[in-house]
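Here's a quick tour of some charged side chains and a couple of backbone angles. Have the structure open while you read.

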Amino acid sequence: MSSNKKGGDERFLRVQKDPRFWEMPERERKIDKRFQSMFHDKRFTEKYTVNKRGRPINQTSTEDLKHFYNVSSSEDEDDDEEGVKSKKKKEVKEELVKVEKEVKEELVKVEIEVKVEKEVKVEKEVKVEIEVKEELVKVEIEVKVEKEVKVKVEKEVKESKDVKAEGPPSERGVRVIEEDELVRYTAAEKTFAVRKGLPVYLLAASICQGVEEQIPHLTAAYVHPDTFLARSLEQHAWKFDRVTGEALVVVHIGTDDVASGLSPAAIVGQMEALIDRIQHGHAEPLYVAVCSILPRLVDNQRTMGTVRDTNRRFHELCRRKKDTIHLPTGKLFLHHRQIIQNYFTGDGVHLNVEGKKVLFNYLKTFLWHFCKHS
């Protein structure tokens, strides 16, 4: 009954004044701040594992309190603010941890890069130092060899004067012994017993143009500009079929083969075929002197390597083939492994007057010692 109602039976008047019999008010009551701690204090919290019907649940008494009591708006705001603050703190902390991790990873990367750069730098410096030392050793060896050669040549010249030998001084590694009609020529562990005044033929490319003026007593000089070993084998080797008796053929071909891009093995194979063709069918010895391929100013690193490898193979070929000798003419145009520019024309391909003089003087010296060819 409502306390505002008046009148009625006198027997029930006291009921109107007894609050136990009043109806509940329609407006909601909020929890006083003094009792708000029961929503947060662990002493008021109890965990449930089953409900009133015995079903398993995961619930606490705090959730029941929130269900039956309406917390004041200020408390809600406080809870919300605290939740937002804690969430923000957590996010900031996570962000800081993430940033710290990224910074550490970046520092590790930088340290690795710096370490690698230092190692590469040290490796380059060591490599350069080794190359410089090797180059200095090579130069010292070359200087020492040149001195030894100079002393040896001077000694040989002196000895040749003592025995009244004729002609130019002997080449390095060459021994010449004259008999009545024969000259014994020893080079590269091979000895040739050659008749004096032997007929001499020359088969060469354009690099030997004008050789007849410098060596006038050649039996024949077949100089073919822009020729290759394969072309000489097909078009020029037959000319030596007419040679009778003992003779010497000097071959100076191969520069254009290097420029065409042939490998050292292919060039040496064609040279061997040319030698076999020249010597084929001759009863008496037909000696063949193979000149080195000359380095040129226009050569690049690849062609220079081809020239060196091919000349080395020429030397090995002549050592194993009968009646064949190798003439290292390429060394005449190098000084400390560098090409002497003063021996070439402006195009860097052909020899100038001074270069041809060096080459032809070498050939004259060889012919004098080999067969006393004047």
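Let's start with a pair: Arg313 and Asp309 touch through their side chains in a salt bridge, with 3.3 Å from N to O. Keep in mind that this is a predicted model. In general, side chains of opposite charge can pair up when their charged atoms come close.

**Salt bridges within a helix**

- Glu100 comes out as partly exposed, because its relative accessibility is 46%.
- How many salt bridges turn up in a search of the whole structure? The search finds 12.

**A salt bridge between distant parts of the chain**

- Glu142 pairs with Arg337 in a salt bridge, where the closest N and O atoms are 3.7 Å apart.
- This pair connects distant parts of the chain, since Glu142 is in helix α3 while Arg337 is in the loop between β11 and β12, 195 residues apart.
- Is Arg337 buried or exposed? Its relative accessibility is 57%, so Arg337 counts as exposed.

**Backbone angles to look at**

- As a rule, most residues other than glycine have a negative phi.
- Arg337 isn't a glycine, yet its phi is positive, at about 65°.
- You'll find Arg337 in the loop that runs between β11 (334-335) and β12 (338-339).
- Asp323 is another non-glycine residue with a positive phi, near 55°.
- Look for Asp323 in the loop between α8 (301-320) and β10 (324-327).

**A patch of negative charge**

- Which residues gather in a patch of negative charge on the surface? They are Glu91, Glu94, Glu95, Glu102, Glu105, Glu106, Glu113 and Glu117.
- Glu117, one of the patch residues, belongs to helix α3, which covers residues 73-162.
- Glu117 counts as exposed because its relative accessibility is 56%, and the cut-off for that label is over 50%.

Technical notes. Residues are numbered from 1 along each chain as its sequence is written. This is a predicted model: local features need pLDDT of at least 70, side-chain atom pairs count only at pLDDT 80 or more; totals for chains, interfaces and linings use all residues. Side-chain values use heavy atoms; hydrogens and water are left out. Patches are made of residues with over 30% relative accessible area and no salt bridge: like charges are joined within 9 Å, nonpolar side chains (Val, Leu, Ile, Met, Phe, Trp, Tyr) within 5 Å. Accessible areas come from the Shrake-Rupley method with a 1.4 Å probe; for residues, only the protein chains shown count as cover. A salt bridge is a side-chain nitrogen of Lys or Arg within 4 Å of a carboxyl oxygen of Asp or Glu. Lys and Arg count as positive and Asp and Glu as negative; His and the chain ends are not counted. The place of a charge is taken as NZ of Lys, CZ of Arg, CG of Asp or CD of Glu. Helices (H or I, at least four residues) and strands (E, at least two) are DSSP runs, numbered from the N terminus. Buried means under 20% relative accessible area, exposed over 50%, partly exposed in between (1.4 Å probe, protein chains only).
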